[in-house]
Amino acid sequence: MAEKYIKLFNEFPPVSTEAWKEKVVADLKGADFDRKLVWRTNEGFSVQPYYRQEDLEKLGYLDALPGEFPYVRGTKTNNNDWYVRQNIVVKDLEESNKKALDVLMKGVTSLGFVFNDCAELTVADLGVLLKDICLESVEVNFVCKCQTCNIAGLFAEYVLAGKWDPKNVNASVSYDPFGNYLLYGRIKNGVEQAMTQAQDLIAKTAELPSYRVLAVDGKNYGNAGASVVQELAFSLAQGAEYLSSLSEAGVAVEDVAKNIKFNLSVSANYFMEIAKLRAGRLLWAQIVKAYEPKCECGCKMKVHAETGSWNKTFYDPYVNMLRTQTEAMSAALGGADSITVLPFNAIYEDPTTFSDRIARNQQLLLKEESHFDKIVDAGAGSYYIEELTASIADEAWKLFLEVQDNGGFLAAAKAGFIQTKVKEMAAKRDLNVATRRENLLGINQFPNFTERLEKPEAVEDALKPMDLTAEDAEIETLKPYRGAQAFEAIRVATDKYAENNKRPLAFMLTVGNLNFRKARAQFACNFFAVAGYEVKDNNGFATVEEGVAAAKEAGADIVVICSSDDEYAEMAPAAFEAINGEAIFVVAGAPACTDELKAKGIENFIHVKSNLLEELKAYQSKLGI
């Protein structure tokens, strides 16, 4: 029987994009289409409310399959498997080995050994650290905060002297002198010596084809408040600087490229992060190809993705699990080669057995229950994801070229170009958090009203940006921080104040129109609970006098009148006079009669356009906190 292909919905005429937009505009009833529906991103481009197949016609890489140049669809061909990585801070070699063996039995396939000091190790030390670990079955990574750490070459010696096949050993070391230039403000012993050391490492590890000894720690940009485009562009510029410096020194460009691993952060912007990894592979492939490598395989971008710290919090910390789960999903769908999910409490204390377990299982859930490892580039063909990929690639390429116009990565860093761009974006994002255009659940929106820190002093280090600036720094440094720190500092101050004083009480004087008073009371409760104040909502009072009496009886420090705009004209002045300075009086909303109320002495108004951070700082000052 001959096969028959039936085109579904053939009886319906095709609808043009113009017809769709006309219908949407009609439904908007006069509202501006762009202002109402178009999202203006931090990345420098706008996102439309819908996309269609015709939007993909201008993209020139859609015919490439997974594993084919320019690797937009990934470097894998048969599946989307990735290494599940867990980091172990090495304080004691035997204990670290014991922990590594333990987590390898619980689903981990990649180990990250983190060294926070500059101790010189020996082959015997590595033997203790890596005892009973099969290096042909597990990826091993070394993160040395000290760039003079000798472990990079030492590991190669250890492998070549052992029983393993060097071709089957997957490993990396985070030797990143250019990235550390931005963190420390100087390159120890100079650029020339750093590149000589890099050449030496590449030569010593040539027999280990899957051992990458150069790192591009792009995560430092994301964790300092950079946008997706900035993190990608500056990471690519950093990688290009390694290609230029080392190829000019006589190292084959394919040898340099095959030794670079990109360590990128993943933020909460779900689809944007998927597209970032796809765009990164596209651009890196083109950059390496421009250096004319002998083998196109050198154009493949190796990416380790780590959940970012910028959006993590120590108040309501279990919310961090929700954040890291979607971030891990983005990294997996974006085609990362390995992923680290940082434990939910990593920003304020040493991870516990419980938090480490949860972090591991978040990735295992994506593999074993959701099967994210089965399909290569699951987002391929999605109009939205393909358009985001192209837009991010375009904007990142423009910024990359700006860096090159400034003399390349090192020259741009020395001139402060990169730092200025990141600081400008961080300031923009900070303002968005302060005004709640960007929400951090549990911090600037919907806080846990009853949460209290038992030991506020224990989190003081988590309230400070990371500052690694060296005494002999020659440039301004990047200082990774968290967007929640300013709000957390206010709440910590309240918790400390409450140890020896009564916790401030914000009392909702709800009166008048039922709908308005309920909505505004909910808004005001969230507003003041962000600062750690006790809040008391009420069902409603029959009169202003009744509400004021209840507020005084409750010992309110702040009284917020919650009613409708029309009723404020009479009720707000009456309540203000009745309180008579015994508490801070606040009007919830921005009524049309604001000027009249101000003329009668009312000074405090809170509403959706308020700068929450600045307002709460002012209330802290008024309360003597």
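**Sheet, salt bridge and a helix pair**

Let me start with the sheet. Nine strands form an open sheet in the order β7-β6-β5-β4-β3-β11-β10-β9-β8, with parallel pairing. Strands here are DSSP runs of E, at least two residues, and helices are runs of H or I, at least four, numbered from the N terminus. Two strands pair if DSSP finds at least two bridges between them. At the edges sit β7 (211-212) and β8 (214-216), each pairing on one side only.

This is a predicted model: local features need pLDDT of at least 70, side-chain atom pairs count only at pLDDT 80 or more, and totals for chains, interfaces and linings use all residues. Residues are numbered from 1 along each chain as its sequence is written, and side-chain values use heavy atoms, leaving out hydrogens and water.

Over three bridges, β8 pairs in the parallel sense with β9 (residues 260-266). Leu214 stands opposite Ile260 in β9.

Next, salt bridges (a side-chain nitrogen of Lys or Arg within 4 Å of a carboxyl oxygen of Asp or Glu). The structure has 30 of them. In one, Glu139 and Lys261 meet at 3.4 Å, N to O. Glu139 lies in β5 (residues 139-144) and Lys261 in β9, 122 residues apart.

Last, two helices. The axes of α11 (residues 270-290) and α12 (residues 319-333) come within 8 Å and cross at roughly 30°. Axes are lines fitted to C-alpha atoms, for helices over the stretch in contact, and angles run from 0 to 180 degrees between N-to-C directions. That crossing makes α11 roughly parallel to α12, a term for angles under 35 degrees.

Notes:
Angles under 35 degrees count as roughly parallel, over 145 as roughly antiparallel, 65 to 115 as roughly perpendicular and the rest as oblique.
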